[in-house]
Amino acid sequence: MEHAPNNPAAGFCRDCLEYQGQPSRRCRKCGSPRIVRHDELYDLTVAHIDCDAFYAAVEKRDNPELADKPLIIGGGRRGVVSTACYLARIKGVRSAMPMFKALEACPEAVVVKPDMEKYSRVGRDVRSMMEELTPLVQPISIDEAFLDLSGTQTLHRNPPARTLAALARRIENEVGITVSVGLSYCKFLAKVASDLEKPRGFSVIGRAEAIDFLRERPVTTIWGVGKAFEATLKKDGVTTIGQLQTMEESDLMRRYGLIGQRLFHLSRGQDSRQVHTRDSAKSVSSETTFNHDYADAETLVPILRSLSEKVSRRLKKNDMAGQTVVLKLKSADFRIRTRNRRLDDPTCLADRIFRTGLSLLSPELDGTKYRLIGIGVSDLTQSDLADPPDLIDEAAQRRAIAERAIDRIHNRFGDNAVETGYTFGKGRNARPQRDNDATD
Ligand code: DCP
Ligand code: MG
């Protein structure tokens, strides 16, 4: 077994993985300048890995003629940029930009339509290489995942840092695309780190530097704080994480509720969220069978709302969230219809479950009489990644804040203390009659 040197600050080479005897600018073995060094290098175990310009990298891999050209992946139905290679980014092309704007910025770019099936395959290849290193792989999207490598040092005969560099090298050689690695002691800073040196990055944020590192950064560095919430904070005079570091937890909670509590801890580099595997088989649902059959929205919608609230309560109680909303209907002739929709990010909010359920229900209100309706969520994860304030629009955010307030009242005074307009005064039909809750 090769031992890490006593002086982690000497680091190792990311190209040949050679440990460096003492701090030097180039690798003593291969001459590469790509040396990672950090005082805590061999103590850190939580990583975030994100593929560089993912769709574009896959297309460049498959068509060498594209290698030196600015490349935009996009078009198709939505007419927006999915991603652009780093050459096109230099010209100002960005994800989600309308295609015509992107081509104004970079007229010489080659445009390729996305091939989702191919990208899923490549994403799976990368993921299975991660899973060879640790069972604790938490995929976040098609091209990124958290990994917890604690306890793998003996198995791999390497500290996590070097195992990760070896993985990045293997992905380059065997898959043919590049990744950026962030290494830290918690998920939040691992994710921030992976973005620091893109592409082909490897960044380390240790415990000792966390607070100083965060101080000057904008609040948007914090996961879930995007444009809308940034504006809210700005109105209150808060633009940097350093300002949050000086605020009391109670003050932040009074102003922003649960998100305020998250801001308090994350601004101080405190993040206790664990890396956990996603268990997509699991689901939480609630359904009800009626005494009569119903075809009309006036009856079914309030029931859908109250079932959504039940599902949401169970999720919140268990700190869970689900990314796919599933609607179940049974018609008077006992045929079962299930409809589902995958959300951009997991939710535990009754409002989002209900609204998604409603959009699934509407096309089914075609005169068919139903004897059962059910709603649930699958693709369960822990709630830490659920409902980022900015991925939902501003009105949704206001409803989410209201929902959290109602939750607090329910927690203090019981479930019937407050009702929303959807169920209030709708009589007992608005509440499930014969309920059936399930957690698979
Ligand atoms: N994607 C998309 N639409 C967006 C953002 C992303 O279709 N608005 C797709 C294309 C990306 C992939 O998801 O290739 C991964 O998203 P990332 O945000 O990780 O972006 P990239 O991997 O393309 O670039 P980066 O190097 O910044 O990670
Ligand atoms: Mg990426």
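Analyst: Helices and strands are here runs assigned by DSSP, at least four residues long for a helix and at least two for a strand, and they are numbered from the N terminus. The model is predicted.

Consider the backbone to begin with. Most residues other than glycine have a negative phi, and most peptide bonds are trans. Leu-17 is not a glycine, yet its phi is positive, near 70°. This residue sits in the loop that runs between β1 (12-13) and β2 (35-36). A further detail concerns a peptide bond: Lys-198 and Pro-199 are joined in the cis form, with omega about -10°. Pro-199 belongs to the loop between α7 (187-194) and β10 (202-204).

The packing of helices comes next. Two packed helices are described by the angle between their axes and the distance between the axes. For helix α13 (residues 297-317) and helix α14 (residues 350-361), the angle is about 140° and the axes are 8 Å apart. Because of this angle, α13 counts as oblique to α14. Their crossing is right-handed. On the α13 side the contact includes Leu-300, Val-301 and Leu-304, which meet α14 residues including Ile-353, Phe-354 and Leu-358. By class, the residues of this contact comprise 9 nonpolar, 3 polar and 2 charged.

Helix α11 (residues 249-256) and helix α12 (residues 258-267) pack at about 145°, and their axes are 6 Å apart. The crossing of α11 and α12 is also right-handed. Here Glu-249, Leu-252, Met-253, Arg-255 and Tyr-256 of α11 face Ile-259, Gly-260, Gln-261, Leu-263 and Phe-264 of α12. The contact between α11 and α12 holds 6 nonpolar, 2 polar and 2 charged residues.

Helix α4 (residues 116-131) and helix α6 (residues 160-175) have axes that come within 11 Å and cross at roughly 145°. α4 passes α6 in a right-handed crossing. Val-122, Asp-125, Val-126, Met-129 and Met-130 supply the α4 side, while Leu-167, Arg-170, Ile-171 and Val-175 supply the α6 side. This contact has 7 nonpolar residues, no polar ones and 2 charged ones.

Ligand 1 is surrounded by 15 residues, of which Phe-54, Tyr-55, Ser-82, Thr-83 and Ser-95 are the closest. The elements that contribute two or more residues to this shell are β3 (46-51), α1 (54-62) and β5 (80-84). In terms of class, the shell contains 7 nonpolar, 3 polar and 5 charged residues.

According to the domain assignment, the protein has domain 1 (1-37), domain 2 (64-114), domain 3 (210-267) and domain 4 (279-397 + 410-439). Between domain 2 and domain 3, the C-alpha centres are 34 Å apart.

Methods. Residues are numbered from 1 along each chain as its sequence is written. Chains are lettered from A and ligands numbered from 1 in the order in which they are written. This is a predicted model: local features need pLDDT of at least 70, side-chain atom pairs count only at pLDDT 80 or more; totals for chains, interfaces and linings use all residues. A residue is near a molecule or strand if its C-beta atom, placed from the backbone, lies within 6 Å of it. Ala, Val, Leu, Ile, Met, Phe, Trp, Tyr, Cys and Pro count as nonpolar, Asp, Glu, Lys and Arg as charged, and the others, Gly among them, as polar. Axes are lines fitted to C-alpha atoms, for helices over the stretch in contact, and angles run from 0 to 180 degrees between N-to-C directions. A crossing is left-handed if the near helix is turned anticlockwise from the far one by less than a right angle, and right-handed if clockwise. Two residues are in contact if their C-beta atoms, placed from the backbone, lie within 7 Å. Angles under 35 degrees count as roughly parallel, over 145 as roughly antiparallel, 65 to 115 as roughly perpendicular and the rest as oblique. Domain bounds come from an automatic or database domain assignment.
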